Protein chains: 2
Amino acid sequence: MSTTPSPLVPVLAVVGIGLIGGSFAAALRDAGQVGRVLGVGRSKSSSDRAQALGLVDELVTLEEAAARSDLILLATPVGAIPDVVGRMQAHLRPDCVVSDAGSTKADVAAMARELLGERCTQFIPGHPIAGSEAVGPEAADPHLYQGRTVILTPFERTPAPARRLLTRAWEACGARVQFMDPQAHDRAMASISHVPHFLAAAYMGQVSRSANADVHLSLAGTGFRDFTRIAAGSPEVWRDIFLSNRAAVLRELDELDEAIGALRGTLEREDAQALEANLEQAALARRLWGSRSGL
Amino acid sequence: MSTTPSPLVPVLAVVGIGLIGGSFAAALRDAGQVGRVLGVGRSKSSSDRAQALGLVDELVTLEEAAARSDLILLATPVGAIPDVVGRMQAHLRPDCVVSDAGSTKADVAAMARELLGERCTQFIPGHPIAGSEAVGPEAADPHLYQGRTVILTPFERTPAPARRLLTRAWEACGARVQFMDPQAHDRAMASISHVPHFLAAAYMGQVSRSANADVHLSLAGTGFRDFTRIAAGSPEVWRDIFLSNRAAVLRELDELDEAIGALRGTLEREDAQALEANLEQAALARRLWGSRSGL
């Protein structure tokens, strides 16, 4: 609970005090960069647990959070954001900065523009690229964002002080901040996150419904384990992600369909050389990524 | 180097003394179930390293290995097996049991039948479902097969003592042995191993060649890492696996294509309910597999 004499964020509110929101509050607190933490939980039970864990100082309503905060992080599922912002908008302090943590950004930006009008520049859509399978306030971890990338997609007219406050807050959590436009963000995520999830789910469905599935699955090893791990993710969360990033995901799936067809063609024709060249390009790209990403 | 007074395998030969062959020899030795280990390396350098590491007692020719051994494990790439068996066949002791460790079995069974004729029952095709990215004699690990499954695909007329010797040898390495017919093995592997590798490679190729690949890849996280890990595997090895299991892989790819199309259809129609139901079935299947497999 140590705070500097003048913390970066005098009053922080987190809406949704689970893995994402709770970790943000905990990291800012560890860094001594927050004065008071207000919390709006999704249920009485999770709110009480968040308070008992010391993640928030005070449980408040959405209206109170809007009226009192310097910075608000919306860490609810993307589908809940319109309702939350609708209830907050009449009460927002003019210098308050609002952000979110959803996996798609064009839809959040459009929603902010629609609900907040001129004041939409107070809302900076954001996406911390971090997470885990764990959920709830108990999963909150002050180190969750250490070394991770957070993408922010401010509006053109978003004032520099607002960008600066949010950037510094994420940096205080140990993250690197990167600005992008929301469409570029969504295309990138379709390519490197949403399509892998889509494929892993389609594949896992096919394998588990095929003839002799039980025998086959009993023989699956660590390659299968890693390839399908993401398919275990929340169906509700991923349904919303696919629907809100539908156009970009479908475009990537078209490209992928061509790539699968080309690789398949080399196998159908028994063209050993082209098959190997394709596999080699993929292997080299993956090894290069591995050495660059450090993951 | 401890041996029981009467070890299960008085004389063992391993052809190819790397991860697979070296680990087999080391595990049998640790279990005190082998008398003398003969080795046939793929190169002078790897043979010398295998001997220096104590994996083999003596370096021999293929002909000597055939004439002296009770059990021979061929741990070379599948493509090298016909040549190796061709050179050994005239010298094989009549009670010697030969096996291999390749990822496909119908092709190995056909090759054994063709090269050995009546004596093909001395050859029991096998596939230890274990491995790692590491290669060479230095990667040999006596614990590699602990708790793993080894599939054997004996011919109908393979005598019980031959099946028993090989089964006991693998069990002495800590593995579970399962008998299957070679076609069933190849279909299972197409489903749970070869198709994931095919997909991961096609996807990695597509992502790395697409517009803004560098920006996209710089944002990829742990989900991407795990989904694509297998795409880094050896292009030569996987080329041979795909070609030798071509029919089964193509059949699985047909089924997968339908599953991708069905999931894609729910997204195109924005059928949230069907999309979620599909994702849920996959998530439940994956979670069930995770709890059953213990992986």
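**Close-up views of a predicted model**

**View 1. Helices H1(B) and H6(B) meet through their side by side residues listed here.** Phe24(B), Ala27(B) and Leu28(B) in H1(B) touch Ala169(B), Trp170(B) and Ala172(B) in H6(B) (contact means heavy atoms within 4.5 Å). The model is predicted, so local features need pLDDT of at least 70 and side-chain atom pairs count only at pLDDT 80 or more, while totals for chains, interfaces and linings use all residues. Residues are numbered from 1 along each chain as its sequence is written, chains are lettered from A and ligands numbered from 1 in the order written, and side-chain values use heavy atoms, leaving out hydrogens and water. The axes (lines fitted to C-alpha atoms, for helices over the stretch in contact, with angles from 0 to 180 degrees between N-to-C directions) of H1(B), residues 19–30, and H6(B), residues 160–172, come within 8 Å and cross at roughly 85°. That makes H1(B) roughly perpendicular to H6(B) (65 to 115 degrees; under 35 is roughly parallel, over 145 roughly antiparallel, the rest oblique).

**View 2. Helix H7(B) crosses helix H10(B) in the left-handed sense.** Left-handed means that the near helix is turned anticlockwise from the far one by less than a right angle. The axes of H7(B), residues 182–209, and H10(B), residues 235–244, come within 11 Å and cross at roughly 120°, which makes the pair oblique. From H7(B), Ser193(B), His194(B), His197(B) and Phe198(B) take part, meeting Trp238(B), Ile241(B) and Phe242(B) of H10(B).

**View 3. Strand E1(A) is mostly covered.** E1(A) pairs with E2(A), residues 34–40, in the parallel sense over 6 bridges (pairing needs at least two DSSP bridges). Look for Val15(A), which stands opposite Val40(A) in E2(A).

Conventions: Helices (H or I, at least four residues) and strands (E, at least two) are DSSP runs, numbered from the N terminus. Buried means under 20% relative accessible area, exposed over 50%, partly exposed in between (1.4 Å probe, protein chains only).
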